[in-house]
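Please open the model in your viewer and keep the sequence panel beside it. The tour begins at the ligand and then moves on to a pair of helices.

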Amino acid sequence: MTSLRGEGLVRTYGGVVAIDGVTFDFPDGRFVCLLGPSGCGKTTLLRLIAGLEVPTAGRILFDGVDLSSVPAHDRGIGMVFQSLALFPHLTVAENVAYPLRIRRIARTTCKMRVDELLDLVKLHDVRDRRIHQLSGGQRQRVAIARALAIEPTLFLLDEPLSALDALLREHMQVELRLLQQRLGITTVVVTHDQREAMTMADLVVVMNRGCILQAAPPIEIYHNPANSFVASFIGAANLLECRRAKGETVEIFGRRVTIPEGRASGISVGKDGMLAVRPEDVSLKPTVGENDFEGVVEFIRDLGASVEISVAVHGQTILSVSTPKDRPPVETGQRVGISFNTSRVALMPQ
Ligand code: ATP
C-alpha cells in the first residue's frame, strides 16, 4: 500500500494547461475517484501519477519518496486503461499471466498466481476462452486481474467501466469497490460519472479546468460543496441567488432565511452568493403559509421509487424530490407553498 502526494503539479501541452498547479494527499489504502467534466485534466493527472507523463512543474511522492526519477515500470503500479488493451490472440489465463511472464516469474509461481487472480475476479470457468468470447463485464475483470498480477502497491484505472451498459456498470462498481476493500490497495479511478464516484470512493476529488476544486468524502462533498460548480456536479442541487444579510441570515426571493451557524462564513455581509438546496430538502404544500415561498407547479415526474416536482418561483425553477409515500398533494399548474430544510443548505460564493 502506498500514500500518494502531489505538490504543485503543472502539465502543459504547448499553450494548453492540462494541470494547473495541483496539490493533493491521498492516504494509504483509500479508494480515490477523480471526477470532473470532459477535458478537466483527470486522465493527465492519472498519467502523471503513473509516470506516463512528466510534470512541467511540481513533483509526486509515494510514501514520501520523490518519484521524479523513477520510470513508470518501476513504480509498482497496476493500471487499467479505458480501452482495456487486452491481447485478443491470448486466452484469459494467458492475458492475466502476461505481466508475470515478461518479468520471467517461474512457471509454477506464475500458474499459482493466475489461479488466485482468476478466483478473485470469478473468471475460472472461462480461463481458456479468448477475449472475443467474453462479455463486457468479463473483459473488464480480465483487465483488472492482469493489472493486479504484479501485486501493485498502487492501482490506477482510467474510466474502467465506461464501455459497459448501465446495469452492468452499477454491478461492476460494487464489485470493484468490494475487491479494493478486500485487497486494501490504494486505488485511483478516473470517472466523469458522479454516481459512480459516490458509489466507490472514500475520497472524491472534483476537478475543473486543471484544478482540484474539492477533495473530501462523498457525503461531505454532497452536504458541504465548496462552490456552486461542485454543488451542481455532485447530485442535483437547486442553486438560488441570494445575498448575505446580517447574522446568520440570507436574503432570497425578497425574504430572509436563517441558515445554520458557520455556514455563512464564506461570504461577507452584503455580498451576493448562492444557496445550494438539495431537492430532497425542498417541501411543497397546497397552501402558502406565512413563512413559505410561493410558486407554481410546472411539471411532475413520477419515477415510481421517487417523485420529482418542478416549481417556478420568481422566474427560477426549483426541484423537489420525495418518496411516493410523502408525495405532496399538489398538481401541475397549482399555486403551492415552498419551504426548505434550512439546517441542510449550503451558502457559497457565486
Ligand atoms: P475526458 O473525460 O474527456 O477524458 P480529461 O478530464 O481526462 O477528459 P485530459 O485528457 O486530462 O482530460 O485533458 C486535459 C486537457 O489537456 C484537454 O484540454 C486536452 O485536450 C489536453 N491534452 C491532453 N493530452 C494532450 C496532448 N497529448 N497534447 C495536447 N493536449 C492534450
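A polar contact here is a pair of N or O atoms within 3.5 Å; within protein, one must be able to donate a hydrogen and the other to accept it, and residues adjacent in sequence count only if both atoms are side-chain atoms. The model is predicted, so local features need pLDDT of at least 70 and side-chain atom pairs pLDDT 80 or more, while totals for chains, interfaces and linings use all residues. Residues are numbered from 1 along each chain as its sequence is written, and side-chain values use heavy atoms, with hydrogens and water left out.

Select S38 with the ligand: a side-chain N or O atom of S38 lies 2.6 Å from a ligand oxygen. Moving to the backbone, a polar atom of G39 is 2.8 Å from an oxygen of the ligand, and one of C40 is 3.1 Å from a ligand oxygen. Of the 640 Å² that the ligand exposes when taken alone, the protein buries 59% (Shrake-Rupley areas, 1.4 Å probe).

Next, display the whole shell (residues with a heavy atom within 4 Å of the ligand), which comprises Y13, V16, A18, P37, S38, G39, C40, G41, K42, T43 and T44. Its largest share, 3 residues, comes from α1, where helices are DSSP runs of H or I with at least four residues and strands are runs of E with at least two, numbered from the N terminus.

Finally, select α2 (residues 92-102) and α3 (residues 107-120), which pack at about 130 degrees with axes 9 Å apart; the axes are lines fitted to C-alpha atoms over the stretch in contact, and angles run from 0 to 180 degrees between N-to-C directions.
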